[in-house]
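Morning, everyone. Please have a look at the model on the screen. I will start with a question.

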Amino acid sequence: MQRIAIYPGSFDPVTNGHIDIAKRGSKLFDHIIVAILHNPGKQSLFTLQERLEMLEESMSGINSIEFDTFDGLLVDYARKRNATALLRGMRAVSDFEYEFQLALMNRKLNRKIETVFLMTGLRWIFTSSSIIKEAARFGGDVSDMVPAGVNRRIQAKYGF
Ligand code: PNS
């Protein structure tokens, strides 16, 4: 049986930290599905389609990986896709409480699905989509935190 993991997130936009987690995760699982949450209630910089394109552009070289969107409960989506694991990256202690809550709730909802955490690469410890957007909005250089294509798209969004 194939070991399938879902790597879920907002990916608004994908960062080098996400790519690092996906690459390392792909060595642990037979197949990874990177799944963007479709959440119309949350304001995002990039449309779902743009986020999908950026994932494809930056991660398609990774072995046995695919890209998708989902709505509703993550564990329901995982079950539909025959996945047995949820892959999440963990950065600093500040991530811990939220990730712990998420993992425990997901486990309560479906005990057959495990959350697997990978510690972020040291280089990416302070890299997050939101801090990147915050800096880029005011003209800050984030080119070493995202792939070149993503950097271009961010600059275009903010009119630089
Ligand atoms: O990149 P993010 O924004 O930290 O990702 C959060 C995400 C998408 C993993 C989380 O919000 C999620 O799984 N949402 C779907 C609804 C759900 O199942 N929530 C957890 C149980 S309440």
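Are phenylalanine 70 and tyrosine 77 buried or exposed? Both phenylalanine 70 and tyrosine 77 are buried. Buried means under 20% relative accessible area, exposed means over 50%, and partly exposed is in between, with a 1.4 Å probe and protein chains only.

Some ground rules. This is a predicted model, where local features need pLDDT of at least 70, side-chain atom pairs count only at pLDDT 80 or more, and totals for chains, interfaces and linings use all residues. Residues are numbered from 1 along each chain as its sequence is written, and side-chain values use heavy atoms, without hydrogens and water.

Now the rings. The whole structure holds 3 aromatic pairs. Rings of Phe, Tyr and Trp (its six-membered ring) pair if their centres lie within 6.5 Å; planes under 30 degrees apart are stacked, over 60 edge-to-face, and the rest tilted. Helices (H or I, at least four residues) and strands (E, at least two) are DSSP runs, numbered from the N terminus. An α-helix has 3.6 residues a turn, so residues three or four places apart point the same way. Phenylalanine 96 is partly exposed at 42% relative accessible area. Phenylalanine 100 is partly exposed too, at 44%.

Next, the ligand. How many residues surround the ligand? There are 14, and the closest are Gly9, Ser10, Leu73, Leu74 and Arg88. To be near, a residue needs a heavy atom within 4 Å. H4 gives the largest share of this shell, 4 residues. Strand E1 (4–9) and H4 each supply at least two.

Look at the polar contacts, which are pairs of N or O atoms within 3.5 Å; within protein, one must be able to donate a hydrogen and the other to accept it, and residues adjacent in sequence count only if both atoms are side-chain atoms. A ligand oxygen is 2.6 Å from an N or O atom in the side chain of serine 10. A polar backbone atom of leucine 74 is 2.8 Å from a ligand oxygen. For arginine 88, a polar side-chain atom lies 3.0 Å from one.

Last stop, helix H1 (residues 16–26). Of its 11 residues, 9 are buried, so H1 is largely enclosed by the rest of the structure.
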